[in-house]
Amino acid sequence: MTSPHSARRAAPAPRLIATDLDGTLLRDDKSVSERTIAALAAAERAGIEVFFVTGRPARWMDVVSDHVHGHGLAICANGAAVVDLHSGGTFLEVRPLARDVALDVVSTLRAAAPGTSFAVEFTTGIHYEPKYPPFFLDPGATVASAEKLLFEEEPGAAAPVLKLLAQHPDLYPDDFLATARASAGALASITRSSPTALLEISGLGVSKASTLALCCAERGISAEEVVAFGDMPNDIEMLSWAGRSYAMGNAHPDVIAAASGRTVANNEDGVAVVIERILAGTLDD
């Protein structure tokens with residue numbers, strides 16, 4: 001497959017680095033290496049802004065909150081929220097999934113992929129169905145059907161929905177993604193970042209790329225001035241949008257095809273390797 005970047009001219013000097021976290025900036029043990037910490041700080045000192053752009057909710061950002069400088073912002077929940085890490089994860093902007101749309105997606109996926117279970121990520125936390133697997137679940141969460149979780153006595157009065165999560169116990173992850181997009185892709189943005197059959201569903205048009213583009217426009221930064229990093233399908237739009245982009249050595253094949261370049265794996269500090277080359281002036285176009 002031809003990369004969307006193959007015909008582009010050389011990009012201008014980078015002004016912003018946008019990086020995914022899990023499988024990209026973070027090592028498999030969820031740590032940030034000393035080399036990566038140093039590279040991020042050096043980029044900021046050189047006047048290059050760093051944005052963490054992740055599928056994680058704001059409450060899971062403590063792993064990098066000490067390493068964000070300057071603006072202190074992060075893009076969370078695959079673009080559904082912009083948060084201020086300097087203030088402990090305050091929501092500055094929310095791009096929600098409408099509850100009626102979420103209900104339509106639930107109904108559609110139950111029919112297209114019987115056995116699917118759901119969780120709902122609100123700005124206030126996650127709630128889930130009884131059969132939803134125990135992935136880092138909040139012991140204080142409500143356990144009920146997705147239909148009940150999404151019900152509002154007064155429309156518009158309840159907490160915004162950041163994303164809907166859908167899990168299937170038997171389907172292959174990419175097959176589940178293809179089925180969901182074919183059946184419900186006209187309703188919402190559907191992607192995945194887990195190695196399991198776990199889908200992440202946002203409002204239509206909401207993605208890491210679209211929210212990053214808004215943040216860059218506010219700063220007068222063009223796509224060509226952005227360097228992006230990622231490893232899973234939820235990074236593809238961002239990698240395709242950025243002027244330079246790097247798939248990690250451990251990346252999904254579709255991510256490798258979408259990126260303009262490739263770096264070494266997350267456990268080998270692949271993001272830091274590229275940042276060091278940027279600062280040394282040895283980054284290839």
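Predicted model: local features only at pLDDT ≥ 70, side-chain atom pairs only at ≥ 80, totals over all residues.
Strands here are DSSP runs of E with at least two residues, helices are runs of H or I with at least four residues, and both are numbered from the N terminus. Two strands pair if DSSP finds at least two bridges between them.

Residues are numbered from 1 along each chain as its sequence is written, and side-chain values use heavy atoms, with hydrogens and water left out.

Buried means under 20% relative accessible area, exposed means over 50%, and partly exposed is in between, using a 1.4 Å probe and protein chains only. In a regular strand the side chains alternate between the two faces of the sheet.

Strand 4 runs antiparallel to strand 3 (residues 73–76), joined by 4 bridges, and Ile 75 stands opposite Val 82. The hairpin of these two strands has 4 residues between them, and Ala 77 takes a positive phi near 55° there. Strand 4 also pairs with strand 5 in the antiparallel sense, over 4 bridges, with Ala 81 opposite Val 94. In that hairpin 5 residues lie between the strands, and Gly 88 has a positive phi near 85°.

Elsewhere in the sheet the pairing is parallel: strand 11 (residues 226–230) and strand 12 (residues 244–247) are joined by 4 bridges, and Phe 229 stands opposite Tyr 246. Contact means heavy atoms within 4.5 Å. Axes are lines fitted to C-alpha atoms, for helices over the stretch in contact, and angles run from 0 to 180 degrees between N-to-C directions.

**Helix 2 against helix 9**

The axes of helix 2 (residues 34–45) and helix 9 (residues 270–280) come within 9 Å and cross at roughly 35°. The contact involves Arg 35, Thr 36, Ala 39, Leu 40, Ala 42 and Ala 43 of helix 2, facing Ala 272, Val 273, Ile 275, Glu 276 and Leu 279 of helix 9.

Among these residues, Glu 276 and Arg 35 also meet in a salt bridge. Glu 276 lies in helix 9 and Arg 35 in helix 2, so the pair ties together parts that are 241 residues apart in sequence.

A second open sheet has 5 strands in the order 7-6-8-10-9, with antiparallel pairing. Its edge strands are strand 7 (125–128) and strand 9 (188–191), each pairing on one side only. From one strand to the next, the twist averages 25°. Strand 6 (residues 117–122) and strand 8 (residues 161–167) pair over 6 bridges, and Ser 117 stands opposite Gln 167. Helix 3 (residues 99–112) packs on this sheet, and its direction makes about 5° with that of strand 8. Helix 5 (residues 173–184) packs on the sheet as well, with its direction at about 170° to that of strand 9.

**Salt bridges**

A salt bridge is a side-chain nitrogen of Lys or Arg within 4 Å of a carboxyl oxygen of Asp or Glu. By this rule the count comes to 14; three of them are listed here.

| Pair | N to O distance |
|---|---|
| Glu 276 and Arg 35 | 2.7 Å |
| Lys 208 and Asp 235 | 2.5 Å |
| Glu 218 and Arg 219 | 3.8 Å |

Lys 208 and Asp 235 are both buried, and Asp 20 joins them in a network of salt bridges. By contrast, Glu 218 is exposed at 61% relative accessible area, while Arg 219 is partly exposed at 23%.
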